[in-house]
Amino acid sequence: MIAPLKGITIVDFSQFLAGPYASLKLLDMGARVIKVENPDKGDLCRQIYLSDTQIEDDSTLFHSINRGKESIALDLKTPQGLEAARRLIVRTDIVIQNFRPGVMDRLGLSYSQVQQIKPDIIYGSVSGYGRTGDWADLPGQDLLAQARSGIMWLNGNAEQGPVPVGLPVADINAGANLAQGLLGALFHRARSGEGVLVETSLLESLLDLQFEFLTTYLNNGERPPQRLQQGSAHGYLAAPYGVYETAEGHLALAMTPIETLAKLMELPDLCRDQENPGHLFQRKEEIFTRLQRAFRARSAKAWEQDLGQQGVWCARVLDWPEMLASDSFADMFEQVRTSSGAALRMVRSPIQFGGTRAVDLQRAPQLNEHGITLLKEIGLG
């Protein structure tokens, strides 16, 4: 088993999702993660429920994002808590925090303050909108960041108005970007011995997620993407890209030469006006409507099988039970036991090294579960 980050220790002050997701990604590569929590109920994520499912008084979200980590409860507003935090930092490689700008400064744990006790520290910071600008002090929350980023106008169909992404995409992408930056900083420190401040924000991560669209918009005379009346999937790609309703289920159709599709579906007039290089963009709604009528004749499963055999890139739109029935990724899920012995199925890291995943799944910690051991480790026990 190859664990590239074995021997790397992270002290994670962050809460909710973005920061903890970054430390989770590094944990999955073998790093040790020490989670510093507020003694009063701990990480707020423990009580943020995705559903009415609760496991040992904590949310499924907390279990999923903090599996395998160690927990110590410290009141950072007290001299004793601050001293313990500083002793942990002296022994660590990476610090992560995602408080609003200025909070860590007031606690005495900003990057410049931490540098004084650990000059080669790698310090990762996630904010909502960066440290400066009109929005710097606003709440950094996923839905609000989506609202300010423009991304809601890329989802759904033309008549729907803004449609948010149905996942905390700002948090997850910010966490992934921070993890990527921290890996680069580790490489820099290995070569130079220097610590690094690594920063990202929810908004920057959403802009990066839209880099393809924004680059097009900034260079096409600022013409925005157009959503179809139905089945919209990509605001800039030409027909026939989209999702189609069939006699049973839905079919996603990717980049396919219109001539190929017209022949297979016996719709020769789809190919008219081919001398005009932009006709697939200009006729997008018309082509989609014609194809939509044709696709209703058969089931998505039948279309997928027949068109797929002809080299057409298409796929049935599956729900979770259908997706989970596939054996394509059976080892992505693993069952762990909670502290009370309850069985909990969880999702593993998507990254493999040398044909294996770096670590086996471990349960999430109870609040301050490792506090006594960690205090002894840093000489305060």
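A: Of the contacts in the protein with a separation of 6 or more, 66% are between residues 24 or more positions apart; contact means heavy atoms within 4.5 Å. This is a predicted model, in which local features need pLDDT of at least 70 and side-chain atom pairs count only at pLDDT 80 or more, while totals for chains, interfaces and linings use all residues. Residues are numbered from 1 along each chain as its sequence is written, and side-chain values use heavy atoms, with hydrogens and water left out.

Q: How many helices and strands does the protein have?

A: There are 15 helices and 13 strands. These are DSSP runs numbered from the N terminus, with helices (H or I) of at least four residues and strands (E) of at least two.

Q: And what box do the C-alpha atoms fill, and what percentage of the residues is buried?

A: Taken along the principal axes, the box is roughly 80 × 50 × 40 Å. Buried residues are 43% of the 381 in the protein. Buried means under 20% relative accessible area, exposed over 50%, and partly exposed in between, with a 1.4 Å probe and protein chains only.

Q: What about the accessible surface?

A: The total is about 19,800 Å², and carbon and sulfur atoms contribute 53% of that. The areas come from the Shrake-Rupley method with a 1.4 Å probe; for residues, only the protein chains shown count as cover.

Q: How many charged side chains, positive and negative?

A: The protein has 37 positive and 45 negative side chains, and the centres of the two sets lie 3 Å apart. Lys and Arg count as positive and Asp and Glu as negative, without His or the chain ends. Each charge is placed at NZ of Lys, CZ of Arg, CG of Asp or CD of Glu.

Q: Turning to strand S1: are its faces covered or open?

A: Both faces of S1 (residues 9-12) are covered, with Thr9 and Val11 buried on one side and Ile10 and Asp12 buried on the other.

Q: Which strands pair with it?

A: S1 pairs in the parallel sense with S2 (residues 32-37) over four bridges, and likewise in the parallel sense with S6 (residues 94-97) over three bridges. Two strands pair if DSSP finds at least two bridges between them. Asp12 stands opposite Lys35 in S2, and Ile10 faces Ile94 in S6.

Q: What handedness does the unit with helix H1 have?

A: S1, H1 (residues 18-27) and S2 form a right-handed β-α-β unit. Right-handed means that, with the strands pointing away from the viewer, the path from the first strand over the helix to the second runs clockwise.

Q: Which residues does Thr200 touch?

A: Thr200 lies in strand S8 (residues 196-201) and is buried at 11% relative accessible area. Leaving aside residues up to four places away in sequence, Thr200 touches Ser125, Val126, Ser127, Ala174, Asn177, Leu178 and Ser205. The C-alpha atoms of Thr200 and Gly181 are separated by 8.7 Å, although the two are 19 residues apart along the chain.

Q: And Gln292, buried or exposed?

A: Gln292, in helix H12 (residues 284-295), is buried at 2% relative accessibility. Beyond residues up to four places away in sequence, Gln292 touches Gln230, Tyr244 and Glu245.
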